[in-house]
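Visitor: I'd like a walk through this one, fold to single residue. Can you take my questions as they come?

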Amino acid sequence: MPEPDHELLVLRGSRPKERADAARNRAAVLDAAAALFREHGVDAVSMDAIAAAAGVGKGTLFRRFGDKAGLAAALLDEQERALQEAVLTGPPPVGPGADQGDRVRAFVDAYLDYLLPHLALIRMSETASPGARYRIGAYRFWHRHLTLLLPGRDPEADAHTLLAALSAEHVHAVLPDLGPDRVRRAALRLADALVS
């Protein structure tokens with residue numbers, strides 16, 4: 001099996017160590033936020049409600065996560081890490097060992113499998129401030145991965161183009177008209193065009 005790209009390993013990063021009480025508070029906040037978001041929707045839940053449900057002070061919540069976008073990023077962390085691991089060491093075609101074009105298609109499929117059920121959270125984290133999507137470590141990881149796989153004269157620009165079609169804001173805007181199957185087929189056609 002080929003060695004994972006060193007830059008991808010660095011971009012994946014690792015979790016910082018934390019005290020036991022901080023880890024408990026973090027888990028309580030994430031559990032409470034996930035339950036409230038499922039029940040009421042992301043936009044309808046306030047940070048005050050999350051703090052109360054988690055049994056922590058608002059100051060603790062804001063110091064730890066900053067805002068709802070920071071909380072969304074923390075909730076998405078596990079799913080992002082699972083997809084990153086699949087890219088680095090998982091079985092083909094998402095992981096190493098498959099044709100580059102097959103890996104690009106498999107990534108698009110796997111990314112949409114991650115994006116669609118978490119669309120509201122991902123959209124919040126990507127649109128928290130202008131350009132937020134491009135500062136997220138996961139975006140840099142996805143971009144580097146695609147840049148390594150895409151052929152052509154400008155794989156870096158092509159990777160941005162493909163990821164633009166997978167942005168949460170774009171998918172959120174077109175999903176009501178197109179539905180998930182058409183969104184997926186269009187993204188896969190774009191991937192095919194970029195790898196041919």
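Visitor: What kinds of secondary structure elements does the protein have, and how many helices?

Guide: Keep in mind that this is a predicted model. Going from the N terminus, the elements run α-α-α-α-α-α-α-α-α-α-α. There are 0 strands, and the helix count is 11.

Visitor: Among contacts between residues at least 6 apart in sequence, what share joins residues at least 24 apart?
Guide: Burial first: 40% of the 196 residues are buried. As for the contacts between residues at least 6 apart, the share joining residues at least 24 apart is 67%.

Visitor: Which residues of α4 meet α3, and is the crossing left-handed or right-handed?
Guide: From α3 come Met47, Asp48, Ile50 and Ala51, and they meet Lys58, Leu61 and Phe62 in α4. By class, that contact has 5 nonpolar, no polar and 2 charged residues. As for the hand, α3 passes α4 in a crossing that is right-handed.

Visitor: How do α7 and α11 lie to each other: roughly perpendicular or oblique?
Guide: Helix α7 (residues 119–126) packs on helix α11 (residues 168–195) at about 135°, the axes being 8 Å apart. So the two helices are oblique.

Visitor: Which residues of α11 make the contact with α7?
Guide: On the α7 side the contact uses Leu119, Ile122, Arg123 and Glu126. The contact of α7 with α11 has 5 nonpolar, 1 polar and 3 charged residues. The α11 residues are Ala168, Glu169, Val171, His172 and Leu175.

Visitor: Is leucine 166 buried or exposed?
Guide: Leucine 166 lies in the loop between α10 and α11. Leaving out residues up to four places away in sequence, leucine 166 touches Phe107, Val108, Tyr111, Leu112, Leu115, Arg133, Val171 and Ala187. Its relative accessibility is 0%, so leucine 166 counts as buried.

Note on methods
Residues numbered from 1 in each chain as written. Predicted model: local features only at pLDDT ≥ 70, side-chain atom pairs only at ≥ 80, totals over all residues. Heavy atoms only, no water. Left-handed = near helix turned anticlockwise from the far one by under 90°. Helix = DSSP H or I, 4+ residues; strand = E, 2+ residues; numbered from the N terminus. Contact = heavy atoms within 4.5 Å. Nonpolar A, V, L, I, M, F, W, Y, C, P; charged D, E, K, R; others polar. Buried < 20%, exposed > 50% of the residue type's maximum accessible area, 1.4 Å probe, protein only. Axes fitted to C-alpha atoms, helices over the stretch in contact; angles between N-to-C directions. Parallel < 35°, antiparallel > 145°, perpendicular 65-115°, else oblique.
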